[in-house]
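Reader: Could you walk me through this model before I set anything up with it? I'd like the overall picture and then the charged pairs.

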Amino acid sequence: MTKSKLLKYAFLGVTAVLMAHYLARPKEKPRKHPRDYAEIAAQGVIHVAIEYSSIGFHVNGDTLSGFHYELITAFARDHGLRVVVSPEMSFDKRLEGLANGEYDVIAYSIPVTGELKDSLLLTTPILLSRQVLVQRKPLNSADSSRFIKSQLDLAEKTLHVVKGSPSILRIRNLGNEIGDTIYIKEIEKYGPEQLMALVAHGDIDYAVCDENIARALADSLPQIDINTAIGFTQFYSWGVSKQSPVLLDSLNAWLPLPISPPPHRSASSNRCAD
């Protein structure tokens, strides 16, 4: 074989390797941007991040249910929009998806705090709730020594929370208030209901979650106690991007007054009369 043919085949071989490498690279998703109401209405679709839970969004037989799901679905129906729901357990990932335009709305209970107001627009309050401690009821003296009777007993204890949960800030502030350390362990792959089950079955001792969710599961997990408050009763809202002020106004004009809904109550029954 001549030298020129060797060089030709070598060149073709290198080219083939480079092309294979290029084709094998994962395709980058087109960069999105937060949308305001006009763009959402023009496309006829609203993208919603929601948590899979008894009061957020869940499968009930062959139907989709949940307070927040039914409420955002009713909003979309009244505005001629189709809803695309993305169940997302991580609060951090919900915020990230909102910032990059993957989601238009976080339709789940977001506590109205100054810190969160800096990063997103919060709707008019939808719910009243608070964060509570989830622990096992004492059955013997050993259990009694671990049972938390007041917030002062939280010193040096480890509380499990969903990764990125807004309750983390409240727990840190509570540690300052009692003058001692409260350890926090963030769990990425589970939501609050799964954390409650882990407490009930003795896998972890303490978790923190929203009181509405806790009360929804209390009857099915009779071994747990949810009577110790971690935070005060406060307003909870939905969130949209700071680049979506008209969407915020549209939601605020439609949403009902703040309530404390029964966990499985239909959102349509909570809608204010026009």
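Author: What follows goes from the chain as a whole to its salt bridges.

Author: The model is predicted, so to speak only of what was computed: local features need pLDDT of at least 70, side-chain atom pairs count only at pLDDT 80 or more, and totals for chains, interfaces and linings use all residues. Residues are numbered from 1 along each chain as its sequence is written, and side-chain values use heavy atoms, with hydrogens and water left out.

Reader: How many helices and strands are in the chain?
Author: The chain has 10 helices and 13 strands, where helices (H or I, at least four residues) and strands (E, at least two) are DSSP runs numbered from the N terminus.

Reader: And what share of the residues is buried?
Author: Of the 274 residues in the chain, 45% are buried; buried means under 20% relative accessible area, exposed means over 50%, and partly exposed lies in between, with a 1.4 Å probe and protein chains only. The chain exposes about 14,600 Å², and carbon and sulfur atoms supply 55% of that area, which comes from the Shrake-Rupley method with a 1.4 Å probe.

Reader: What about contacts, how much comes from residues 24 or more positions apart?
Author: Among contacts (heavy atoms within 4.5 Å) with a separation of 6 or more, such residues account for 74%.

Reader: Switching to charges, how many salt bridges does the structure hold?
Author: There are 7, each being a side-chain nitrogen of Lys or Arg within 4 Å of a carboxyl oxygen of Asp or Glu. One of them pairs R35 with D104, with the closest N and O atoms 2.6 Å apart. R35 sits in the loop between α1 (3-24) and α2 (37-43), while D104 sits in the loop between α4 (91-99) and β5 (105-111), 69 residues apart.

Reader: Are R35 and D104 buried or exposed?
Author: Both R35 and D104 are buried.

Reader: Which residue does E211 meet at 3.2 Å, and why does that pair tie together separate parts?
Author: E211 forms that salt bridge with R130 (3.2 Å, N to O). E211 lies in helix α9 (residues 211-218) and R130 in the loop between β7 (127-129) and β8 (131-136), so the pair ties together parts that are 81 residues apart in sequence. E211 is buried at 12% relative accessible area, whereas R130 is partly exposed at 23%.

Reader: Where does R215 come in?
Author: R215 lies in helix α9 along with E211, 4 residues apart, about one turn of the helix, and their side chains meet in a salt bridge at 2.9 Å, N to O. R215 is partly exposed, with a relative accessible area of 43%. Salt bridges that share partners join R130, E211 and R215 into one network.
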